[in-house]
Amino acid sequence: MDTEALRSFVRAAELGQLQHAADELGVTQQGISKRIAALERALEVRLFTRTPRGVELTLDGQAFLPHARSVVVGVERAVAAVRPGSRALRVDVLGLRSAQAAVLHDYWRAHPGTELDVVVLRVNDPRVAVAAVQAGDVDASFRTVTDPAALPPDVRMIRAFDFPLDLLVGPRHPLAGARRLTPPQLRGHRIWVPGIAPRSEWSEFYDQLAAAFDLRIDAAGPHFGDEVLQDTLADSADVATLVGARDRYVWPAHHDLRRIPVVEPALVYPLSLLLPDTNPHPGLDAIIAHLGNQPRPPEPCWLPSWATTARDGSGR
């Protein structure tokens, strides 16, 4: 059934004048009449009778009006639910304790009226995140396509912000007493990063990091969650891991874990933001501006080779 015909019928019934309904809907009175006539033919009933003052509902029209109004309202709500600017901005992050989530939370605290929906797609392959942006399932995704040739033309990737990595160790680890560490000091120590997924951007990141500094990065075993990883670190004298300086981790006080900055150079993870190339959600402009104000990592710093494939929000 033609929803525009239903909308025309509802407004004519509510206003009592075809011309008033036509003016409101931006069509001619003849156009309104044709829509209502087509609706009457489809229903095989008369919906209006004409009077000197306009139109009045027939008994069939009175019975049909509440149902037609319900359909029109439902269609308007359905359209509003997916129209950029009239629904919450949906942004995909790697995890709710991640640096991306922390930065979005800072933005929301500064702009508490923002309609923001932070989601976790729980996918490892950035191509899946690209497809989600293309389909409109999310408005933006904090993922990186490390090969720019693989990025489809209707999706844009910008450099979001960078964050340095810290070494996280338990109190029995030989590096636990250090206040700062350099990459060569990590050499020979087991750095356990469970759950590195093939084809993920972080898989490529850790491969390049291990090669650049001759580090022993171990991804063996399934990832049972941050709590299990922290339990392992607390009890171990030889296992460490790398965590983002802005990632949020909470552990029991008796674990006595230590976060130690890595410097000279800082080990920096670059984050990118995927978004539609055309007609992005209007709320993204303010988010991108907020990302551009994030503090820069300390110098000197090490970045993976693909970091230059994404521009920052200012186009640099």
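Colleague: Which residues in α1 meet which residues in α3?

Modeller: From α1 come E4, A5, L6, S8, F9 and A12, and they meet I32, R35, I36 and L39 in α3. Contact means heavy atoms within 4.5 Å, and helices are DSSP runs (H or I, at least four residues), as strands are (E, at least two), numbered from the N terminus. The contact of α1 with α3 divides into seven nonpolar, one polar and two charged residues; Ala, Val, Leu, Ile, Met, Phe, Trp, Tyr, Cys and Pro count as nonpolar, Asp, Glu, Lys and Arg as charged, and the others, Gly among them, as polar. This is a predicted model, where local features need pLDDT of at least 70 and side-chain atom pairs pLDDT 80 or more, while totals for chains, interfaces and linings use all residues. Numbering runs from 1 along each chain as its sequence is written, and side-chain values use heavy atoms, with hydrogens and water left out.

Colleague: How is the geometry of α1 against α3 described?

Modeller: Two packed helices are described by the angle between their axes and the distance between the axes. The axes of α1 and α3 (residues 29-43) cross at roughly 110 degrees and come within 9 Å; axes are lines fitted to C-alpha atoms, for helices over the stretch in contact, with angles from 0 to 180 degrees between N-to-C directions. α1 is therefore roughly perpendicular to α3, given the classes: under 35 degrees roughly parallel, over 145 roughly antiparallel, 65 to 115 roughly perpendicular, the rest oblique.

Colleague: Where do α1 and α2 meet, and at what angle do they pack?

Modeller: α1 (residues 3-15) packs on α2 (residues 18-25) at about 125 degrees, with the axes 8 Å apart. That angle makes α1 oblique to α2. The crossing of this pair is right-handed, the near helix being turned clockwise from the far one by less than a right angle (anticlockwise is left-handed). R7, S8, R11, A12 and L15 in α1 meet L18, H20, A21, E24 and L25 in α2. Five of the residues in the contact of α1 with α2 are nonpolar, two polar and three charged.

Colleague: Is the packing of α5 and α10 oblique or roughly perpendicular?

Modeller: α5 (residues 99-110) and α10 (residues 284-292) pack at about 115 degrees, with axes 11 Å apart, which means α5 is roughly perpendicular to α10. α5 passes α10 in a right-handed crossing. V103, L104, D106 and Y107 in α5 meet A286, I287, H290 and L291 in α10; six residues of this contact are nonpolar, one is polar and one is charged.

Colleague: What lines the largest pocket?

Modeller: A pocket is an open set of points on a 1 Å grid where a 1.4 Å probe fits, with protein on both sides within 12 Å along at least five of seven lines, and lining residues have an atom within 4 Å of a point. Here 30 residues line the largest pocket, with L94, W202, H223, D226 and Y249 nearest its centre. β9 gives the largest share of the lining, four residues. By class, 17 lining residues are nonpolar, eight polar and five charged.

Colleague: Where are the cis peptide bonds?

Modeller: One joins E264 and P265, with omega about 5 degrees, and P265 is in the loop between β10 and β11. Another joins E299 and P300, with omega about -5 degrees; P300 sits in the loop between α10 and β12.

Colleague: What is the phi of D256?

Modeller: The phi of D256 is positive, about 55 degrees, although D256 is not a glycine. D256 lies in the loop between β9 and β10.
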